[in-house]
Amino acid sequence: MLRQAQHELRLATRGRGLYEFTDQVGAWLSSNGCRDGLLTLHVRHTSASLLIQENADPDVRRDLEAFFARLVPDGDSSFVHTAEGDDDMPAHIRSALTAVNLSIPVTHGRLALGTWQGIYLWEHRRSSHSRSVTLHFIGE
Amino acid sequence: MLRQAQHELRLATRGRGLYEFTDQVGAWLSSNGCRDGLLTLHVRHTSASLLIQENADPDVRRDLEAFFARLVPDGDSSFVHTAEGDDDMPAHIRSALTAVNLSIPVTHGRLALGTWQGIYLWEHRRSSHSRSVTLHFIGE
Amino acid sequence: MLRQAQHELRLATRGRGLYEFTDQVGAWLSSNGCRDGLLTLHVRHTSASLLIQENADPDVRRDLEAFFARLVPDGDSSFVHTAEGDDDMPAHIRSALTAVNLSIPVTHGRLALGTWQGIYLWEHRRSSHSRSVTLHFIGE
């Protein structure tokens with residue numbers, strides 16, 4: 001019998017970087033008895049992203065961060081929208097270049113992630129934030 | 001009782017830029033009595049994107065557009081595929097760098113968007129086009 | 001009556017490039033009698049992507065590949081994570097810049113793709129790989 005469930009997850013960030021929360025998603029699925037279906041995540045902000053990336057070697061996150069810092073430099077003088085500081089517009093651009101929602105199949109009670117895949121919230125602002133991610137499950 | 005609905009939205013663009021259509025999506029959800037579920041949008045073109053971005057300060061869109069124009073310049077002499085003009089291949093690349101489909105939870109009859117999030121069609125060609133976006137809802 | 005189905009597709013790649021598999025997805029939908037609903041694809045790797053792009057002129061794929069090779073060059077000396085070679089970290093970054101999952105409505109037994117849209121697996125590593133893509137359908 002198909003059914004659905006929703007939940008809002010709050011994630012605290014301590015400045016720019018990748019924060020894994022795969023376990024929190026898995027725990028919510030378990031606590032709801034979700035077996036097979038589709039999980040969708042949506043981040044409710046325009047200066048943070050959702051990313052599925054390797055969760056083994058932390059250097060991957062370091063290199064990702066360094067690449068994006070070069071591609072979209074803070075304080076680029078061509079930006080007009082600087083109301084919240086010199087990392088404001090870069091955060092919007094990083095968000096546009098990555099994803100704000102993800103949909104992942106759930107199989108036998110587990111996310112259909114590959115061996116090395118983890119789910120990350122990517123905070124693009126340099127200061128701390130409380131971020132909201134909506135989870136939606138549909139299935140059995 | 002779970003059910004689904006589909007709709008094809010036609011959006012007229014007047015050249016390159018971001019066109020918000022959050023209200024049209026919300027109106028379709030309301031007219032179908034959609035309460036809780038999952039909305040998916042898919043743009044049926046390879047030279048336009050779907051983007052969730054800030055809908056407050058228009059400078060955000062201006063800076064986004066300027067950044068992408070620098071990252072993927074029109075008329076780059078390395079492009080071979082120029083059949084439809086010097087903005088043809090840049091449009092395909094901008095599409096690859098952003099999203100062609102989005103999935104957003106619907107909660108109590110409203111899209112689970114953040115306060116500042118709007119849904120945009122991003123036209124990447126410089127001329128006017130009629131763009132088609134397929135909407136799919138599943139839920140209650 | 002709503003129902004769901006899942007399948008794991010194995011795709012063999014012969015090094016970096018775009019591999020179309022729209023027909024294999026369509027064949028699976030047909031063999032399951034899927035009429036109207038939502039198809040989600042998820043690639044279970046962090047060095048490959050899913051992309052919807054033009055499937056007419058092969059120069060589009062050639063130009064896409066050349067652009068990403070310039071944007072994220074192999075052997076960039078700033079990368080620390082080089083365990084699997086000088087295309088290792090570029091593969092992770094290309095994956096972050098594109099998509100690892102896609103959701104496409106299905107209408108009257110067909111994917112709601114535009115005339116020129118095809119579904120591609122984008123292999124970002126230079127060597128051959130066997131890639132796994134999970135398909136999930138929900139609908140009628």
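**Chains A, B and C**

Me: How many salt bridges does the rule find across the interface of chain A and chain C?
Reply: The rule finds 1 there, counting a side-chain nitrogen of Lys or Arg within 4 Å of a carboxyl oxygen of Asp or Glu. Before we go on, this is a predicted model, where local features need pLDDT of at least 70 and side-chain atom pairs count only at pLDDT 80 or more, while totals for chains, interfaces and linings use all residues. Residues are numbered from 1 along each chain as its sequence is written, chains are lettered from A and ligands numbered from 1 in the order in which they are written, and side-chain values use heavy atoms, without hydrogens and water.

Me: OK. Which side chains meet in that A–C salt bridge?
Reply: A:Arg70 and C:Asp76, at 3.5 Å from N to O.

Me: And polar contacts between A and C, how many residue pairs?
Reply: 17 residue pairs, both residues at pLDDT 80 or more. A polar contact here is a pair of N or O atoms within 3.5 Å; within protein, one has to be able to donate a hydrogen and the other to accept it, and residues adjacent in sequence count only if both atoms are side-chain atoms.

Me: Which elements of chain A give two or more residues to that side?
Reply: E3, E4 (48–54), H2 (58–71), E5 and E8 of chain A. Helices (H or I, at least four residues) and strands (E, at least two) are DSSP runs, numbered from the N terminus. H2(A) has the largest share, with 9 residues.

Me: What's the makeup by class on that side?
Reply: 18 nonpolar, 8 polar and 8 charged residues. Ala, Val, Leu, Ile, Met, Phe, Trp, Tyr, Cys and Pro count as nonpolar, Asp, Glu, Lys and Arg as charged, and the others, Gly among them, as polar.

Me: How much area do chain A and chain C bury between them?
Reply: About 2,600 Å², 60% of it on carbon and sulfur atoms. A:Leu2, A:Asp63 and A:Phe67 supply 20% of what chain A buries against chain C, more than any other three residues. Buried area is the accessible area (1.4 Å probe) that two parts lose on being put together, summed over both.

Me: Over to A and B then. What's the area there, and how many residues does the contact take?
Reply: About 2,500 Å² is buried between chain A and chain B, with 61% from carbon and sulfur atoms. The contact, meaning heavy atoms within 4.5 Å, takes 30 residues from chain A and 34 residues from chain B.

Me: Which side chains meet in a salt bridge between A and B?
Reply: A:Asp76 and B:Arg70, 3.5 Å from N to O.

Me: What gives the most to the side of chain A that touches chain B?
Reply: H3(A), with 6 residues. That side of chain A divides into 13 nonpolar, 14 polar and 3 charged residues.

Me: How many salt bridges over all chains?
Reply: 33 in the whole structure. One of interest is A:Asp74 with A:Arg126, at 2.7 Å from N to O. That pair links distant parts of the chain, 52 residues apart: A:Asp74 is in the loop between H2 and H3 of chain A, and A:Arg126 is in the loop between E7 (117–123) and E8.

Me: Switching to the fold: what's in chain A?
Reply: 3 helices and 8 strands, running β-β-α-β-β-α-α-β-β-β-β from the N terminus.

Me: What order do the strands take in the 5-stranded sheet of chain B?
Reply: E1-E8-E3-E5-E6, an open sheet with antiparallel pairing. Strands pair if DSSP finds at least two bridges between them. The edges are E1 (3–14) and E6 (110–111) of chain B, each pairing on one side only. E1(B) and E8(B) (residues 128–139) run antiparallel, joined by 12 bridges.

Me: And the 3-stranded sheet in chain C, what order?
Reply: E2-E7-E4, also open and antiparallel. Its edge strands are E2 (17–20) and E4 (48–54) of chain C. E2(C) and E7(C) pair over 4 bridges, and C:Leu18 has C:Trp122 as its bridge partner in E7(C).
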